[in-house]
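Hi everyone, thanks for making time.

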Amino acid sequence: MAENSTEHIEQTVSAIAVIDLAQELFLRDCLQDIHLKELGPEFQRVHQQWQSGHNLQEKRLPETLMRQLWQLAEKHSDQTCLGLHIGAKVNSQAKGILANWLAQCESLSDAFEVFSQHIHLLNPAERWRKTIDKQSVKLSFSFQQPDYPLMAIDRSLAALLAWGAYYSKRHLAALAVHLKRPRPQNIEPYTRYLGSQVSFSQNEDAIYFSHNDFQQAIDTANPYLKALIATQASKIERHPASNRLWKERVLALLRDNLKSFAHIEVVCTELQLSRTSLYRKLKIEGCSFSSLLKQERIRYLIKAQTHQWSAADTAEQLGFEDIASFYRFKRQHQSSLNPERQA
């Protein structure tokens with residue numbers, strides 16, 4: 001049973017985002033020195049690097065630290081709109097690799113595509129989804145983990161508007177903002193930071209934009225720098241910080257290029273490990289290379305079922321040596337490929 005479980009992979013977030021949040025909470029008297037010390041030696045080391053002026057753009061820290069900070073803020077702050085205040089503040093000195101990448105995009109639409117597809121560079125717990133109709137562009141937001149406080153959701157929504165205006169150098173007005181949270185006694189901060197069309201007790205947290213606003217140009221766009229940052233971001237995704245689990249590193253490779261990394265020898269070369277070492281490390285973490293490979297092949301096949309891809313092309317992309325092996329894999333895992341039949 002343990003071999004097939006990849007549910008609890010340790011996630012990492014942008015270190016500069018953690019430090020920036022901690023600094024904001026500290027300046028707003030939501031945290032004291034003792035609280036920062038409680039975050040552990042890893043946070044202390046990176047915090048000291050930041051204080052010394054080190055570049056943190058590509059540093060990573062455990063995602064649990066981000067949640068801890070928000071939970072501490074909820075516990076020690078009486079400011080119900082704290083998340084809005086923090087989100088509306090654009091700190092250009094706290095731009096991680098993702099924020100710098102977005103600045104090189106041609107438009108807000110282009111930037112959102114990069115942002116939503118690579119949100120794990122900032123915080124993999126965040127989820128953004130775009131829905132387009134004739135009237136508007138809807139950007140829906142959620143956290144993967146349920147223990148993020150409401151103020152963290154407020155922060156993410158306010159930050160989307162604030163950074164969108166920062167990149168486009170124009171006021172970015174939402175057509176409407178829907179919030180799942182109940183209506184607070186004082187809605188003034190919400191209308192100030194999110195706009196006048198805010199509705200509470202909705203089915204989801206979402207921001208609606210006009211098509212024209214969503215297509216606003218970004219003056220700092222530079223295709224050359226965009227390509228350079230994209231390449232560097234790919235390296236970070238492939239070679240995460242040492243605190244990231246080995247199974248997460250393997251999954252990152254498989255999701256980046258399943259065709260190549262379906263072969264364990266290629267994975268070992270990329271991770272600079274012997275085959276025996278990789279087997280041992282994954283076993284300690286309760287999984288195996290074969291279980292991770294199977295998981296990603298099934299995930300790819302479920303996606304492929306919505307497209308008219310040929311069996312030969314699909315088999316090649318999955319890293320199978322021959323078409324017979326591909327068909328045998330499909331037969332063995334047919335129930336996983338049709339989850340609705342199991343319901």
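Let's look at the exposed residues T276, K283 and I284, which sit on the face of helix 15 turned away from its buried side. Keep in mind that this is a predicted model.

So what's on the buried side? In helix 15, which runs over residues 275-284, the buried residues are S277, L278 and L282. They cover an arc of only 125° around the axis, so they end up on the same side of helix 15. And which helices do those buried residues of helix 15 pack against? You'll find helix 12 (246-256), helix 14 (264-271) and helix 16 (289-304) there. One more thing here: just after helix 15, G286 has a positive phi of about 80°.

Okay, over to helix 8, residues 150-168. This one is mostly covered, with 15 of its 19 residues buried. How far apart should its ends be? At 1.5 Å a residue, its 19 residues should span 27 Å, and the end C-alpha atoms are 28 Å apart, so that agrees. Just after helix 8 there's a positive phi too, this time at K169, of about 60°.

Last stop, the surface. Y224, L225 and L228 make a nonpolar patch of about 310 Å². Y224 belongs to helix 11, residues 223-238. Is Y224 buried or exposed? Its relative accessible area is 59%, and the cut-off for exposed is over 50%, so Y224 counts as exposed.

That's my tour, and I'm happy to go back to any of these spots.

Definitions and conventions
Residues numbered from 1 in each chain as written. Predicted model: local features only at pLDDT ≥ 70, side-chain atom pairs only at ≥ 80, totals over all residues. Heavy atoms only, no water. Patch = residues over 30% accessible without salt bridge, like charges linked within 9 Å, V, L, I, M, F, W, Y side chains within 5 Å. Areas by Shrake-Rupley, 256 points an atom, 1.4 Å probe, with all protein chains shown as cover. Salt bridge = Lys/Arg side-chain N within 4 Å of Asp/Glu carboxyl O. Helix = DSSP H or I, 4+ residues; strand = E, 2+ residues; numbered from the N terminus. Buried < 20%, exposed > 50% of the residue type's maximum accessible area, 1.4 Å probe, protein only. Expected span 1.5 Å × (residues − 1). Arc of directions from axis to C-beta. Contact = heavy atoms within 4.5 Å.
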